[in-house]
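Please keep the sequence and the model in view while working through them.

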Amino acid sequence: MRAVVFENYEQFPSLTDVPRPKPGPGEVLLRVAGAGACHSDVSVYRHFKEGSPGAQKPPFVLGHENSGWVEELGEGVSDRVRTGDAYLVYGPIGCGHCRKCARGQDTYCENAATMPYLATGLGRDGGMAEFLTVPEHHLVPLGDADPVDAAPLSDAGLTPYHAIKQALPHLAGGGRHALVIGLGGLGQIGVQILKALTGATVIATDVKPQALARAEENGAVTVAGGDRQVEQIREITGGRGVDAAFDFVGITPTIATATATVAQGGRVTVVGIAGGTHEFSFFTNPYESYVTNTYWGTVEDLWEVVDMYRAGQIRPEVERFGMEDALEAYRRLEAGEISGRAVVVP
Ligand code: NAD
Ligand code: ZN
């Protein structure tokens with residue numbers, strides 16, 4: 001079958017033929033409906049080296065945002081899973097036995113250091129292929145919802161959802177403000193989730209005018225980059241600052257924008273994986289404000305994301321690519337030419 005393979009560190013992936021996988025015990029073979037191209041894949045093939053934090057040993061098939069139809073059941077899979085049914089894939093795969101995995105939070109598996117991979121598409125073969133194997137308990141049913149548009153929810157929906165859910169206490173009550181920095185795959189869905197779950201005014205920023213226009217359609221108030229950005233954001237909040245900021249870029253200047261605009265007691269969540277840093281001292285940050293990071297989400301969160309999708313509260317903006325154009329999707333993602341999410345439809 002055709003697949004997008006990450007062959008070696010610091011090397012652009014290849015479109016090549018690999019054997020069709022067989023589902024092991026407790027696993028399901030999915031015929032892939034859609035596989036989203038996430039910006040984290042760019043870190044995987046451009047920046048990670050052997051031993052870098054988060055690096056996964058090549059070769060493997062990319063694609064950690066996947067959906068598909070059940071094609072074949074491995075030994076011991078429950079008869080509740082039926083051939084032809086559509087599922088979204090929960091990507092992270094932990095040991096399945098520790099307290100974090102027991103609560104569906106494979107992202108923070110206590111035995112991650114001794115696991116052979118992090119997730120489908122991150123160390124283990126992913127969904128940029130015609131077929132994919134997935135452990136049964138990592139399947140979230142989609143019912144009759146469109147599985148192709150659903151694919152990005154596995155990460156571009158789940159990650160902002162988890163980050164926002166942790167920050168909800170900061171956004172409950174009247175007159176609250178949230179800031180979203182970086183309006184790509186994750187950020188646009190982040191705006192939709194904030195609008196659906198909170199009454200906060202959502203302020204959004206990006207370097208691309210088209211991304212700002214799309215965020216406005218999603219209900220955000222937008223601010224462009226530039227010298228007056230911090231001042232403009234503070235003005236919208238009446239000078240108080242934002243109660244929660246979500247940085248989907250994660251470079252030093254965007255973390256600086258978030259920490260310069262956060263209110264006393266507010267929360268900054270850095271989601272973007274770009275290695276930006278933040279210097280802290282007693283006088284640099286507003287009193288009792290928080291700066292934190294976050295990684296993906298739990299399987300329970302993903303069920304909730306699917307509920308929001310089926311209720312029309314999350315509407316991923318998807319640009320579809322055939323398998324033969326999958327590498328073009330990554331080239332355009334790197335060039336900043338994708339609006340919303342590129343999804344490969346094999
Ligand atoms: P994307 O390429 O779809 O979107 C990035 C957006 O940021 C683009 O719209 C771009 O114009 C904008 N941008 C770039 N520089 C900017 C700046 N200086 N100021 C404002 N906006 C700027 O990327 P994505 O797939 O949405 O991923 C976003 C980030 O989140 C990446 O770093 C990715 O690796 C990371 N990520 C983290 C997790 C996690 O679990 N923490 C999960 C998935 C992705
Ligand atoms: Zn575990």
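1. The C-alpha centres of domain 1 and domain 2 lie 27 Å apart. The model under discussion is a predicted one. In the domain assignment, domain 1 is made of residues 2-155 together with 297-345, while domain 2 covers residues 158-293.

2. How much area is buried between domain 1 and domain 2? The value is about 1800 Å², and carbon and sulfur atoms give 53% of this area. On the side of domain 1, the residues D155, M308 and R315 deserve attention: together they supply 23% of the area that this domain buries against domain 2, more than any other three residues. The contact draws 24 residues from domain 1 and 19 residues from domain 2.

3. Which elements give two or more residues to the side of domain 1 that touches domain 2? They are α1 (39-47) and α9 (299-310). Of the elements on this side, α9 gives the most, with 5 residues. By residue type, the side of domain 1 that touches domain 2 divides into 8 nonpolar, 10 polar and 6 charged residues.

4. The surroundings of ligand 1 form the next topic. This ligand is surrounded by 25 residues, and the closest are H39, S40, D206, W296 and R341. Two of these residues can be examined through their side chains. An N or O atom in the side chain of R341 is 2.6 Å from an oxygen atom of ligand 1, and for the side chain of D206 the corresponding distance is 2.7 Å. The backbone takes part too: a polar backbone atom of G185 is 2.9 Å from an oxygen atom of the ligand.

5. The peptide bond from P58 to P59 is cis, with omega near 0°, and P59 is found in the loop between α1 and β4 (60-61). E288 lies in the loop between β15 (262-270) and β16 (290-293).

6. The loop between β15 and β16 also holds S289. A polar atom of the S289 side chain lies 2.7 Å from the backbone oxygen of P286. Leaving aside residues up to four places away in sequence, S289 touches V262, A263, G265 and G266.

7. How many salt bridges does a search of the whole structure find? The search gives 24. One pair of side chains that meets in this way is E324 and R2, at 3.3 Å from N to O. This pair links distant parts of the chain, as the two residues are 322 residues apart. R2 is in strand β1 (residues 2-6), whereas E324 is in the loop between β17 (318-322) and α10 (326-334).

Methods. Residues numbered from 1 in each chain as written. Chains lettered and ligands numbered in written order. Predicted model: local features only at pLDDT ≥ 70, side-chain atom pairs only at ≥ 80, totals over all residues. Heavy atoms only, no water. Domains from an automatic or database assignment. Contact = heavy atoms within 4.5 Å. Buried area = accessible area lost by both parts, 1.4 Å probe. Helix = DSSP H or I, 4+ residues; strand = E, 2+ residues; numbered from the N terminus. Nonpolar A, V, L, I, M, F, W, Y, C, P; charged D, E, K, R; others polar. Near = heavy atom within 4 Å. Polar contact = N/O pair within 3.5 Å; in protein donor to acceptor, adjacent residues only side chain to side chain. Salt bridge = Lys/Arg side-chain N within 4 Å of Asp/Glu carboxyl O.
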